[in-house]
Amino acid sequence: MSTEPITPPERFLRAQEVADRLNVHVSTVYRLADSGRLRAHRIGEGRLRKRGLRVPESAVTDYLADSLITPAEVAA
């Protein structure tokens, strides 16, 4: 019998949920994903625009950590 702890699967967020957390428009989430700045998975495609974008919660945390600026950077 394995003694390794079982970790729950990571939660995936829809583009609108990510937009709500970051307080941005949903199109910004799509642009961040398309540019590679935000890790995401495409589940399918629609006729007018790609749909089915899913973002791991850890990707949102990583994006926020990577975009953190220091006061010295703000003054520059």
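**Entry 1: the salt-bridge network**

I looked up Arg11, Glu17, Arg21 and Glu57 and found them linked in a network of salt bridges. I count a salt bridge when a side-chain nitrogen of Lys or Arg lies within 4 Å of a carboxyl oxygen of Asp or Glu. The model is predicted, so local features need pLDDT of at least 70 and side-chain atom pairs count only at pLDDT 80 or more, while totals for chains, interfaces and linings use all residues. Residues are numbered from 1 along each chain as its sequence is written, and side-chain values use heavy atoms, with hydrogens and water left out.

The structure holds 5 salt bridges. I went through those of the network pair by pair.

- Arg11 pairs with Glu17, with the closest N and O atoms 3.1 Å apart.
- Arg11 also pairs with Glu57, with the closest N and O atoms 3.7 Å apart. This pair links distant parts of the chain: Arg11 sits in the segment before strand S1 (12-14), Glu57 in helix H3, 46 residues apart.
- Arg21 meets Glu57 at 3.2 Å, N to O. Arg21 lies in helix H1 and Glu57 in helix H3, so the pair ties together parts that are 36 residues apart in sequence.

Helices (H or I, at least four residues) and strands (E, at least two) are DSSP runs, numbered from the N terminus.

**Entry 2: exposure of the network**

Arg11 is partly exposed at 40%. Glu17 is partly exposed at 29%. Arg21 is partly exposed at 47%. Glu57 is partly exposed at 28%.

**Entry 3: the faces of H3**

Next I checked helix H3, residues 57-66. Which residues of H3 are buried? I found Ala59, Val60 and Tyr63. Seen down the axis of H3, the buried residues fall within an arc of 100°, so they line one face of the helix. The arc is taken over the directions from the helix axis to the C-beta atoms. On the other side of H3, Thr61 and Ala65 are exposed. As a reminder, an α-helix has 3.6 residues a turn, so residues three or four places apart point the same way.

**Entry 4: a positive phi**

Last, I looked at Asn23. Its phi is near 60°, a positive value in a residue other than glycine. Most residues other than glycine have a negative phi. Where does Asn23 lie? I placed Asn23 in the loop between helix H1 (15-22) and helix H2 (26-35). Asn23 is exposed, with a relative accessible area of 71%.

Methods: Buried means under 20% relative accessible area, exposed over 50%, partly exposed in between (1.4 Å probe, protein chains only).
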